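Keep the model open as you read.

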Amino acid sequence: MTSSSGWDRSVLMTCMKIRVIKHEVITGWGSYEVRFPDRRPSKYFYFENLPGRRLRPDRVEQAVAEQNAKRFAREEQDKLDSQ
């Protein structure tokens, strides 16, 4: 099935890749954004490397946030690829 732009939907789906983008305003503090190609709202995984400064429970160490973001992105990409 082709879309109005003339592209086959299966070709478009294989080109659609979920991206993980690191945002670090201050060293040791920031987030990993999981950005979807189908314009769904991004999901953020926040990190804070200094435990004493963590004001919110959703902030974890950077390595943990990166691992969680990549795992989530892989799972979502697998869903897109299977469609």
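In what order do the three strands of the open sheet come, and is their pairing parallel or antiparallel? The order is S1-S2-S3, and the pairing is antiparallel. Strands S1 (19-26) and S3 (43-48) each have a single partner strand and stand at the edges, so one side of each has no neighbour in the sheet. On average, neighbouring strands are turned by 20° against each other, direction ignored.

A word on the ground rules. This is a predicted model, where local features need pLDDT of at least 70 and side-chain atom pairs count only at pLDDT 80 or more, while totals for chains, interfaces and linings use all residues. Residues are numbered from 1 along each chain as its sequence is written, and side-chain values use heavy atoms, with hydrogens and water left out. Helices (H or I, at least four residues) and strands (E, at least two) are DSSP runs numbered from the N terminus, and two strands pair if DSSP finds at least two bridges between them.

**The chain overall**

The chain has two helices and three strands, and from the N terminus on its elements run α-β-β-β-α. Buried residues (under 20% relative accessible area; exposed is over 50%, partly exposed in between, with a 1.4 Å probe and protein chains only) make up 28% of the 83 residues. Of the contacts (heavy atoms within 4.5 Å) with a separation of 6 or more, 31% are between residues 24 or more positions apart.

**Inside the sheet**

Strands of a sheet pair through backbone hydrogen bonds, either parallel or antiparallel. Here, six bridges join S1 to S2, and six bridges also join S2 (residues 29-35) to S3. Trp-29 in S2 is the bridge partner of Ile-26, and Trp-29 also stands opposite Glu-48 in S3. As for Gly-30, what stands opposite is Phe-47 in S3.

S2 is mostly covered, with five of its seven residues buried. Take Ser-31, which is found in this strand. Leaving out residues up to four places away in sequence, Ser-31 touches Ile-21, Lys-22 and His-23, as well as Tyr-44, Phe-45, Tyr-46 and Phe-47.

Now for the turns. The hairpin of S1 and S2 has two residues between the strands, and Gly-28 takes a positive phi near 85° there. Most residues other than glycine have a negative phi, and most peptide bonds are trans. Arg-39 is not a glycine, yet has a positive phi of about 70°. Arg-39 lies in the loop between S2 and S3.

**The helix across it**

Helix H2 (residues 62-82) lies across S1, S2 and S3, running at about 165° to S3. That angle is between N-to-C directions and runs from 0 to 180 degrees, with axes being lines fitted to C-alpha atoms, for helices over the stretch in contact. H2 has 21 residues and reaches 30 Å from its first C-alpha to its last, close to the 30 Å expected at 1.5 Å a residue; the expected span is 1.5 Å times one less than the number of residues.

Which residues of H2 are buried? They are Gln-62, Ala-65, Ala-69, Phe-72, Ala-73, Glu-76, Gln-77 and Leu-80. These cover an arc of only 135° around the axis, which puts them on the same side of H2; the arc is that of the directions from the helix axis to the C-beta atoms. An α-helix has 3.6 residues a turn, so residues three or four places apart point the same way. The face turned away from the buried side carries the exposed residues Ala-63, Arg-74, Asp-78 and Ser-82.

Gln-77, found in H2, touches Met-16, Lys-17 and Ile-18, again without counting residues up to four places away in sequence. Asn-68 and Phe-45 are 23 residues apart in sequence and 7.4 Å apart in space, C-alpha to C-alpha.

Here is how accessible some of these residues are:

| Residue | Relative accessible area | State |
|---|---|---|
| Ser-31 | 7% | buried |
| Gln-77 | 11% | buried |
| Asn-68 | 24% | partly exposed |
| Arg-39 | 80% | exposed |
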